[in-house]
Amino acid sequence: MRSDRNGKAPLGLKIAAAGGLLFLHLPILLIFVYAFTTEDKSYQWPPPGLTLKWLAVTWNRPDVWQALGLSVRVAAISTALALVLGTLCAAAVSRTKFFGRETVSLLVILPIALPGIITGIALRSAFSLADIPYSFWTIVLGHATFCVVVVYNNAVARFRRTSGSLIEASMDLGADGFQTFRHVVLPNIGTALLAGGMLAFALSFDEVIVTTFTAGQQTTLPIWMLEELVRPRQRPVTNVVAMVVVLVTFLPILAAYYLTRDGDRIAGSGK
Amino acid sequence: MQTAVAFSQVSRHFGPVRAVDGVDLKIAEGEFFAMLGPSGSGKTTCLRLIAGFEQPTAGHIEIFGETAEGVPPYRRNVNTVFQDYALFPHLSVADNVAYGPMIRGVAKAERMKAAEEALALVQLPGYGARQPGQLSGGQRQRVALARALVNKPKVLLLDEPLGALDLKLREQMQEELKTLQRSLGITFVFVTHDQGEALSMADRVAVFNEGKIMQVGAPEEIYRAPRSRFVADFVGSSNILPPETVERFAGKRAWASLRPESIRLATAGGHAATVLGHSYLGAATRLSVDMDGQRLTLLLPAGATVPATGSQAAIEWNGDDLHLMEDGQ
């Protein structure tokens with residue numbers, strides 16, 4: 001256990017670790033740099049000059065605002081839907097025993113294990129079979145399939161760590177089902193729901209594959225970016241948007257990580 | 001005196017498992033009632049039937065004369081001290097204790113006062129601001145007790161509340177619970193698998209086995225006159241004699257129980273036995289002997305001369321102490 005005792009890693013390992021991290025994160029920095037380049041036809045390195053004008057150009061592009069608005073609305077509603085359905089499902093699976101419980105649990109998690117393209121094709125054929133026109137709501141449904149999983153996973157883990165006798169104790173002290181949910185269940189699973197909700201929001205916000213199959217003429221932000229890349233006009237606008245997307249998705253994920261980090265003890269079962 | 005809890009032919013089956021099987025039971029108001037039995041004997045299920053967490057498969061339950069079936073736990077004037085205490089981890093000690101009054105809509109100042117009084121009652125005055133996680137096991141136990149008592153229940157249910165405490169603390173809590181019960185006059189129903197605890201605390205004990213009540217009675221009665229082999233064996237330790245042996249001494253064919261402390265070494269006469277071994281217990285010495293193929297255990301008081309292993313000894317007992325049992329089970 002030499003390396004544990006003096007805390008020194010061999011030089012080669014350090015270089016490899018640094019190289020790995022750079023490989024992961026340098027391209028993201030490049031995206032940021034290109035957002036400020038003066039050259040708008042192609043990505044030229046090094047940038048011939050730096051400018052802030054693309055921020056203003058982006059601000060004044062209505063198509064950006066439209067796509068952003070749609071993405072935020074889709075993500076918000078998918079997340080809300082997922083919070084309700086995921087929590088209910090987690091409560092059922094972890095609180096009661098019923099025939100087929102394990103199967104239900106597996107089926108709920110399946111959409112996230114399934115490749116997005118399969119989910120997309122499946123939903124698309126289902127929508128056309130049922131004669132449902134593509135709309136805002138078909139995008140939301142598509143996103144909800146994987147948002148529910150994220151919320152469910154977080155909630156089920158917290159339910160398992162929350163002692164079941166807490167609910168009985170609350171009932172015993174006079175609280176009905178609703179009061180128990182409000183005063184005991186929600187405070188105990190609150191941070192898990194917040195974390196699950198934020199992850200779900202972030203996932204929905206940058207989803208491309210399922211969206212391409214379930215959206216009609218509407219363009220969410222990631223799809224807008226994809227379309228913009230093939231069009232050589234005001235290219236840095238895409239990079240400005242990319243920075244915004246990174247901020248909007250990264251911050252919730254970071255927050256979710258910090259919120260669930262300390263939740264390791266089993267609530268209510270300590271002696 | 002009014003009946004606090006009455007079971008008539010109550011059963012609770014979980015699939016093929018008969019957790020509670022045709023139980024008849026009457027618990028009087030103000031009584032300290034213990035349900036004693038090995039794990040899986042149905043005692044905890046009986047407690048949960050009173051609390052309302054379980055509904056009977058068959059039979060009828062009354063709590064203070066009112067039908068209990070179908071009444072949810074939150075509408076019963078009964079409170080429970082849970083085995084794992086079940087304190088709410090997100091609430092302070094005071095908010096835990098004030099939870100019941102808060103749900104009933106008692107104003108904040110008033111319920112905090114009630115909580116403080118309840119905490120004083122369980123010897124934890126001034127602990128309200130702490131979090132449950134900062135308390136020791138014994139303190140959590142007291143908070144759980146205060147949280148139940150603050151609601152002034154008609155029946156307090158205790159589900160093996162002392163199981164997680166160490167021996168010294170357990171003995172202290174036994175005393176305190178008993179004192180508390182006497183001063184409050186509340187009916188206590190106490191579930192335990194510890195026969196010593198049941199005997200020392202309860203006014204009456206019900207001995208459970210396999211979902212049935214084997215015997216109900218005062219601790220002395222249960223100990224002195226067990227009705228069945230199971231009770232004789234589970235409550236204290238006993239020498240259980242088969243009918244063939246009993247016939248020789250009592251002139252009647254029946255199973256009998258003979259407590260080890262009832263047997264003594266005879267000074268004259270007595271029955272011949274071979275000493276098989278002994279172990280020193282401090283206050284007494286336990287001797288095992290063989291009497292015509294029947295193994296017996298006896299307790300010799302401290303200071304008595306202990307016969308050597310392998311030697312012959314004469315033993316005797318009072319005829320009354322050989323307790324004939326009606327039930328060979």
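**View 1. T274(B) and its bridge partner.** T274(B) has Q312(B), in strand 17 of chain B, as its bridge partner. The model is predicted: local features need pLDDT of at least 70 and side-chain atom pairs count only at pLDDT 80 or more, while totals for chains, interfaces and linings use all residues. Residues are numbered from 1 along each chain as its sequence is written, and chains are lettered from A and ligands numbered from 1 in the order in which they are written. Four bridges join strand 14 (residues 271-280) of chain B to strand 17 (residues 312-316) of chain B, in the antiparallel sense. Strands are DSSP runs of E with at least two residues, and helices are runs of H or I with at least four, numbered from the N terminus.

**View 2. The open sheet of chain B.** Five strands with antiparallel pairing follow the order 13-17-14-15-16; pairing requires at least two DSSP bridges between two strands. Strand 13 (264-265) and strand 16 (294-301) of chain B are the edge strands, each pairing on one side only.

**View 3. The domains of chain B.** Domain 1 spans 3-226 and domain 2 spans 237-324, with bounds from an automatic or database domain assignment. Their C-alpha centres are 39 Å apart.

**View 4. The contact of chains A and B.** Chain A contributes 20 residues and chain B 22 residues, where contact means C-beta atoms, placed from the backbone, within 7 Å. On the chain A side, helix 8 (165-172) and helix 9 (177-205) each supply at least two residues. Helix 8 of chain A gives the largest share, six residues.

Note on methods:
Two residues are in contact if their C-beta atoms, placed from the backbone, lie within 7 Å.
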